[in-house]
Amino acid sequence: MAEPPQSPVTPPATTITDLDEDSMVNCATYLSLRDVCNLAMASPALKRLAYSDSIWQRFFSEQWHQQFPSHWSGNGAREVYLARYAALRQFKFFDPFLLEFSEQAKPCNHLLLCENSLFFSQGSLVKMMDLDGYLKGTTDFFHTLSDHKARITCMRLFSLNEATSLFRGKTLGEEQSVLVTSSCDHSIRLWWKGSSLRCFRGHNGPVLSLSNKLLGEDSSKVLASGGEDGTVRLWSLSSSGGRGQRALKATLYGHEKPVNIMSIAGHKTSLLATISRDSKVRVWDTATATSSAVRASCCVGMTSVPGTPVNMKCHESLLYVAAGSSVTAVDLRTMQKVVTAAIHQPKLCSFDAVPSKYLICTGGDGRAMLWDIRRNQESLKPEPIAELDGHCGPVTLLYMDSHKIVTGGPKNADVNVWDVDTGVQTNSLPCSSTDGAGSGCDAMAVEGCRITTASSFEDYSVVCFRDFNNATNPVAKQENELTSKFWDSISDDD
């Protein structure tokens with residue numbers, strides 16, 4: 001009998017790793033930084049490719065428009081890139097780009113920095129500066145927004161991606177953010193391109209607080225506000241009408257005192273946490289708020305903390321409440337107090353956190369303190385991992401991100417910069433180049449490797465902007481700082 005025909009042998013499939021390394025590196029030169037980072041997580045072979053020196057030398061030159069350092073032997077190009085990236089964000093340089101300008105003699109109460117725009121408030125006025133326009137010498141780089149009739153109490157910036165319903169049929173142009181302000185004149189205003197786009201009215205007193213993010217999903221975005229009248233009000237950004245007559249979506253009752261601070265939960269975008277002046281915390285599920293007559297039916301949780309509220313921050317399902325002399329973590333799912341993360345005697349003046357790194361920072365009188373939440377989970381008396389000394393008076397201004405802590409106050413002519421992991425000081429920045437007795441730092445805004453401070457004198461105020469992105473002259477390392485040829489080593493997780 002004839003043997004049955006054999007099926008043809010299928011050759012093995014060709015994969016990207018079958019290419020020689022030079023070819024793959026050449027292909028990777030067309031990828032973005034984010035794409036290369038994603039490539040590194042795909043497989044060990046692609047990770048070696050993504051770490052190739054030629055790729056990171058290109059990123060270095062494109063990011064900072066300067067030649068790759070010639071003294072990098074012994075360190076991978078990726079490590080050199082990431083070390084400079086971290087050092088810039090820790091302000092470890094003497095020579096940032098510096099822009100300083102004077103304003104009328106009123107303290108700057110609020111200060112925001114976003115992309116190429118700078119916003120600050122003085123009394124009832126909002127002032128907006130186009131930094132690119134200033135550098136290009138254009139005449140319309142500065143705008144004063146004067147529609148509010150009383151002191152501004154809060155300022156927020158939201159990206160156009162969050163507030164798309166506001167701009168249907170409009171040409172967006174280059175401006176990528178919408179500014180929201182609240183005031184003692186009982187109103188909330190939305191600003192865009194130097195003019196008031198919406199005016200929301202409904203509170204029976206000064207509006208004290210605005211949500212740090214917009215609530216809800218997709219096109220049904222909602223802004224929350226808290227007032228002196230003890231109410232929380234929800235405003236629909238998709239409402240029509242130039243004065244926002246139909247914007248009030250719901251009024252939430254339950255607080256007996258003014259609502260000072262609010263924060264949106266990280267695990268559920270419809271959950272809003274608020275705290276009133278009597279330190280009572282309420283959590284609201286705004287998804288169930290469908291009428292302007294809603295009272296306490298949206299409240300899904302309550303608790304209270306001792307002392308005067310200072311700040312509040314959500315991370316996933318945890319709420320960190322800074323009040324009195326302590327920071328308490330509350331589980332939003334059960335409203336149970338999980339841990340006392342910090343105790344800063346005699347009282348707190350400021351608070352911020354990077355919960356993804358389990359780190360929080362508190363500001364008090366004369367110093368700030370850095371805390372590791374994990375270390376204090378089983379402790380009845382939390383202990384800081386570092387004390388950030390060298391301040392005069394209360395530390396009322398505090399910013400924290402994954403690279404640095406920045407601290408300042410009304411009696412400090414400088415703001416101090418600290419390594420977020422160790423608490424080691426990396427720099428000290430004067431709020432003004434002007435000699436004389438000023439009032440210290442009134443306000444501060446930090447974004448990446450840029451910082452803006454405001455300081456007031458007897459006859460004028462000074463706003464100082466620094467950009468470290470192209471700085472080249474590093475500060476001397478502190479004696480107790482970890483030794484590394486390129487600052488500190490960078491892990492794969494960074």
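A search of the whole structure, a predicted model, finds 14 aromatic pairs. Rings of Phe, Tyr and Trp (its six-membered ring) count as a pair if their centres lie within 6.5 Å; planes under 30 degrees apart are stacked, over 60 edge-to-face, and the rest tilted. Trp 56 and Phe 59 are edge-to-face, because their ring centres are 5.4 Å apart and their planes stand at 80°. Local features in this model need pLDDT of at least 70 and side-chain atom pairs count only at pLDDT 80 or more, while totals for chains, interfaces and linings use all residues. Residues are numbered from 1 along each chain as its sequence is written, and side-chain values use heavy atoms, with hydrogens and water left out.

Helices (H or I, at least four residues) and strands (E, at least two) are DSSP runs, numbered from the N terminus. Trp 56 is buried, at 3% relative accessibility, and Phe 59 is buried at 6%. Here buried means under 20% relative accessible area, exposed over 50%, and partly exposed in between, with a 1.4 Å probe and protein chains only.

Another edge-to-face pair is formed by Phe 60 and Phe 68, at 5.0 Å centre to centre and with 75° between the planes. Phe 60 and Phe 68 are both buried. One aromatic cluster takes in Trp 56, Phe 59, Phe 60, Trp 64, Phe 68 and Tyr 81.

Charged side chains also meet rings. A charge sits over a ring if NZ of Lys or CZ of Arg is within 6 Å of the ring centre and within 35 degrees of the ring normal. Arg 78 lies over the face of Trp 56, 5.9 Å from the ring centre. Arg 89 has its charged end over the ring of Tyr 85, at 3.7 Å from the centre of that ring.

**Helix α5**

Helix α5 (residues 77-89) has 13 residues and spans 19 Å from its first C-alpha to its last. This is close to the 18 Å expected at 1.5 Å a residue, where the expected span is 1.5 Å times one less than the number of residues. Helix α5 is mostly covered, with 11 of its 13 residues buried. Among the buried residues are Arg 78, Tyr 81, Arg 84 and Arg 89. Tyr 81 is also a member of the aromatic cluster, and Arg 78 is the residue over Trp 56. The cover over the buried residues of α5 includes α2 (33-40), α4 and β27 (404-408), with contact taken as heavy atoms within 4.5 Å. After α5 comes Phe 91, which has a positive phi, near 55°.

**Gln 104**

Gln 104 is placed in the loop between β1 (97-103) and β2 (110-114). Its relative accessible area is 34%, so Gln 104 is partly exposed. Apart from neighbours within four places in sequence, Gln 104 is in contact with Gln 122, Leu 125, Lys 127, Tyr 460 and Ser 461. The C-alpha atoms of Gln 104 and Ser 456 are separated by 9.0 Å, although these residues are 352 apart along the chain.

**Salt bridges and cysteines**

Side chains of opposite charge can pair when their charged atoms come close. The structure holds 13 salt bridges, each with a side-chain nitrogen of Lys or Arg within 4 Å of a carboxyl oxygen of Asp or Glu. The table gives some of them.

| Arg 233 | Asp 229 | 3.4 Å |

Lys 313 is partly exposed at 28% relative accessibility, whereas Asp 352 is buried at 11%. Arg 233 is buried at 6%, and its partner Asp 229 is partly exposed at 25%. Arg 333 is exposed at 60%, while Asp 331 is buried at 12%.

The count of disulfides comes to zero, where a disulfide is a pair of cysteine sulfur atoms within 2.5 Å. Cys 349 is partly exposed, with a relative accessible area of 23%, and Cys 392 is partly exposed at 46%.
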